[in-house]
Amino acid sequence: MRAEQRSGSLMAAPYAAFLLVFAAYPIAFALVLVFLQWDLVTTPSFAGLDNVRLLANDGRFWRAVANTFVFLSIHLPLQIATALVLALALNRPLVLRSFWRASFFLPVVISGAVVAILWSNLYATDVGLINRLLVRIGLTPVPWLTDPSTAMPAIAAMVTWKNVGFYVIIYLAGLQYIPRSCQEAIEMEGATAWQRFRHLTLPMLLPQTILVVTLSTINGFQLFIEPYVMTGGGPLRRTYSIVLYLYTNAFSYQKMGYAATIGVALALIIGAVVFIQRRVIGKEETL
Amino acid sequence: MPSVHFDHVSKRFGATTVVEDFNLEVADGELLVLVGGSGSGKTTILRMLAGLEEVTEGMIRIDQRDVTALPPRERDVAMVFQDYGLYPHMTVRENLSLGLRLRKVARKEIDRRVAWAGDMLRLEPLLDRKPKQLSGGQQQRVAMGRAMVREPLVFLFDEPLSNLDAGLRAQMRIEIGGLQRRLKTTTVYVTHDQVEAMTLGDRIVVLADGRIQQVGKPIELYRAPVNRFVAGFIGTPPMNFVDGQLLREDGSTVFAAEGVRVQLPHEIADGTGSSEVVTLGIRPEDLTVDSGDSTDAPADSIPGRVVLVERLGGTSHVHFDAGPHRLLASVSNDRLPEVGDSITVRVRAERVHLFGGDGRKT
Ligand SMILES: Nc1ncnc2c1ncn2[C@@H]1O[C@H](COP(=O)(O)OP(=O)(O)O)[C@@H](O)[C@H]1O
Ligand SMILES: [Mg+2]
């Protein structure tokens, strides 16, 4: 081995070790667990395909899958729209621009549990700030987290708020890549502000949009801390997410094998959904 | 008649004045070239006309309509940008037609105009490609086509050829000139390249530091530059300049500097004062090189020593020292001197230019 290669391997070693311990090993372990029954205490026993069969017929699991899809169907469009609008606003000459950018990014780095507790208070039916504002302007208060029809949308809105700063940065970076001459050319061609957005900005941001969709899909499927803290999966299990169900099986019921099976299924679902998304919106990306 | 008027237009960025009291009329159908060094304000003037830059003072009219405060889209002008500004995500066809689609022009009319531009600029085989799949020259033609299909009142070009290599630049220069003559669309063309200006322009505006130095037909600028800046800017290779003094001798006027004496004809010397400090300007092609140092040389010849010969095929450039002055003569190739040779250089005195201490033509 040449000295250069040796030092290269040496420098990559910590990362390789990290990957091995925290990615490769857990994945392998989870795959093994799928075929076991294990309560964390007694010796694991071989269970064949029992876990998989159980999962296929587990109404609660499929309920959680459906809930997560409901969450995504609200969260994704909302996330893209808010990130885009904020990025466009922050891309203009603006007083205190750095301040605004930092403000929107702040929730991204705050712990999810803290944000969840904060929003539980905001959403509170009688004393929450949101409802007090509604009452102030003459509307009736909404039981955000206790009404089955509003609980998941409320959580989706909150997650969108928490993550928007991150996606704003992605879009802001994309906006830098739209040549000034293109913007001026389309302006001279007679485009209105909306037409400029529709025919130039939005299509030019397609790579960023694909990234935002992919990342927020992966992130959204892992919805856990918010329902765990705010609703416990209720009301009527409407906010029971896949990961919350996984967590419950692992740490409330001590069914490690079954929890691992849910985890593997989740990974497969995420892979399939992202693959389909890329097929649908990615095919235009021939820039 | 779509003419363009600049009336006392000034532009300031903060405290810096970039364009000062700019007055100009561009005639209907004319191809006017704005030429000047980098930072002279050419782009700023063009962008003010396009509406992309605000006018600090003064008024701009297009077709007699005051457009000073109008946004770009209400001015009906089209611009070809230095980097073309093609929409990367659209095909050539979409690039050409977007402006018309935005203005809700009828489908058939759009197709007709795209076909017309495609035919004129030889773009048909490229219509379904994206800009990235085109060469620089092809992208340039698409940018021109995009400007053409809109049939605007005025075309604007901002250094459209500067991203092309030399050969293609010469070819595109000819294409742009030909196209403009056929379309007869009023055009303002910005370049820093005086050769481009000379070959393309019906008229040329020479700019320096945001001020007009001279406006005129190419040959006028070449023959009768009004100041030293224009004289040095127009013409390749550039004019020779020698600082010296005017002396009256036996009723005639002589330009005298160390190593350079030129007897001036009356037309040129008229109106100058004796002992006046002036700059003599001589174009390289107005110098004739004779070999050998002649001791009894005529009054209008300069003794020199060759320091460099640039052989260019047709004519060559002979660099020589006359006293402390380094001068350049453009000579035909038959009798080229060698480096180190002593030569006698004759000046076509009737073609020289005199500039006063302020740089203005005397
Ligand atoms: N947006 C701007 N802010 C400040 N100064 C500018 C701006 N645009 C151009 N300038 C200055 O104005 C002068 C003329 O610029 P420009 O019109 O681009 O010159 P040219 O096109 O002849 O090279 C330059 O000194 C340039 O630095
Ligand atoms: Mg410029």
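In this predicted model, helix 2 and helix 4 of chain B cross in a right-handed way, meaning that the near helix is turned clockwise from the far one by less than a right angle. Local features need pLDDT of at least 70 and side-chain atom pairs count only at pLDDT 80 or more, while totals for chains, interfaces and linings use all residues. Residues are numbered from 1 along each chain as its sequence is written, chains are lettered from A in the order in which they are written, and side-chain values use heavy atoms, without hydrogens and water.

**Helix pair**
- Helix 2 (residues 92-102) and helix 4 (residues 136-149) of chain B pack at about 25 degrees, with axes 8 Å apart.
- The two helices therefore run roughly parallel (angles under 35 degrees).
- On the helix 2 side, Val92(B), Asn95(B), Leu96(B) and Leu100(B) meet Val142(B), Gly145(B), Arg146(B) and Val149(B) of helix 4 (contact means heavy atoms within 4.5 Å).
- By class, this contact has five nonpolar, two polar and one charged residues, with Gly counted as polar.

**Helix 1**
- Eight of the nine residues of helix 1 (residues 42-50) of chain B are buried, so this helix is largely enclosed by the rest of the structure (buried means under 20% relative accessible area, with a 1.4 Å probe and protein chains only).
- Just after helix 1, Gly51(B) has a positive phi of about 95 degrees.

**Sheet**
- Five strands of chain B make an open antiparallel sheet, ordered 13-12-11-14-20.
- Strand 13 (260-264) and strand 20 (353-355) of chain B are the edges.
- Strand 12 (residues 252-257) of chain B is joined to strand 13 by five bridges, and Phe255(B) stands opposite Val262(B).

How values were computed: Axes are lines fitted to C-alpha atoms, for helices over the stretch in contact, and angles run from 0 to 180 degrees between N-to-C directions. Helices (H or I, at least four residues) and strands (E, at least two) are DSSP runs, numbered from the N terminus. Angles under 35 degrees count as roughly parallel, over 145 as roughly antiparallel, 65 to 115 as roughly perpendicular and the rest as oblique. Buried means under 20% relative accessible area, exposed over 50%, partly exposed in between (1.4 Å probe, protein chains only). Two strands pair if DSSP finds at least two bridges between them.
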